[in-house]
Amino acid sequence: MSLTEQRIVAEAVTLLDEDGLDGVTLRKLAQRLGVQAPTLYWHLRNKAALITALAEAILAEQFAELRPPDPAVRWRDWLMELAERLRGALLAHRDGARVVSAAQLSTRMNAFSEFAMKTLVDRGLPLREARLRVLAMERFTIGHVLEEQAARPDDDALAGFDADAFAAAHPTLVAGIAEYFRPGRTVDDLFRDTLRLVIE
């Protein structure tokens, strides 16, 4: 099978899901593809180009095509839905948020921003407000998923942690968490509720 950029990126996405972003190296990728590392440079000149290609692949799963909202849909609701799709794309792959946040030259992410801003401008928002709202939505969503995908404390890190002392020192915080996550509420609800505050 000939070596193409599409094949390289597909294998890189598989490697990302298995080992996380820190485990995606050109050397390891070359081994999996059965080639020498320098061969990859014909397609991807460095690690930054590989990360950008990963970001393009991740975003393409949700945003292969961008369609304007139905005129009857409020722009705030549409922006919420767009953010939920972005979160879904990032969560679909291990370290997805790290990849996309590191890919400064992602044409697909820039096309996403252009599309979202133009939609808001077409709905009558001033350019500056449209840009700030889209930027806030994107950065909130990526930051939220970065936290969701961050490694959780292991047993060693939790050794000596006193939950009762923590609750006593932070009663309002603990009560707020307990009140919010009453039966039926999930992290998906938390994302939507906090994002709604940002957008509104």
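Which handedness does the crossing of H4 and H5 have? The crossing is right-handed, where right-handed means that the near helix is turned clockwise from the far one by less than a right angle, and left-handed anticlockwise.

**Before you click**

This is a predicted model, in which local features need pLDDT of at least 70 and side-chain atom pairs count only at pLDDT 80 or more, while totals for chains, interfaces and linings use all residues. Residues are numbered from 1 along each chain as its sequence is written, and side-chain values use heavy atoms, with hydrogens and water left out.

**Stop 1: the whole protein**

Color by pLDDT, the predictor's confidence in each residue from 0 to 100. The average is 93, and 100% of the residues score at least 70. Confidence is lowest in helix H3 (residues 37–40), with a mean of 82, and highest in helix H8 (residues 127–149), at 97.

Now switch to a cartoon: you will find 12 helices and zero strands (DSSP runs numbered from the N terminus, helices being H or I of at least four residues and strands E of at least two). The C-alpha trace spans about 60 × 55 × 30 Å along its principal axes. Of the 200 residues, 34% count as buried (under 20% relative accessible area, with exposed over 50% and partly exposed in between; 1.4 Å probe, protein chains only).

**Stop 2: H4 and H5**

Select residues 47–63 and 75–91. These helices, H4 and H5, pack at about 135° with axes 9 Å apart (lines fitted to C-alpha atoms over the stretch in contact, angles running from 0 to 180 degrees between N-to-C directions). That makes H4 oblique to H5 (under 35 degrees is roughly parallel, over 145 roughly antiparallel, 65 to 115 roughly perpendicular, and the rest oblique). Show side chains for Ile58, Leu59, Gln62 and Phe63 of H4, and Leu82, Arg85, Leu86 and Ala89 of H5, which make the contact (heavy atoms within 4.5 Å).

**Stop 3: H7 and H8**

Next, select H7 (residues 107–122) with H8: they pack at about 135°, axes 9 Å apart, and are therefore oblique to each other. H7 passes H8 in a right-handed crossing. Among the contact residues are Phe112 and Met117 of H7 and Val134 and Ile142 of H8.

**Stop 4: His170**

Finally, pick His170, in the loop between helix H10 (163–169) and helix H11 (171–180). At 34% relative accessibility, His170 counts as partly exposed. Draw a distance to Leu33, 137 residues apart along the chain: the C-alpha atoms are separated by 51 Å.
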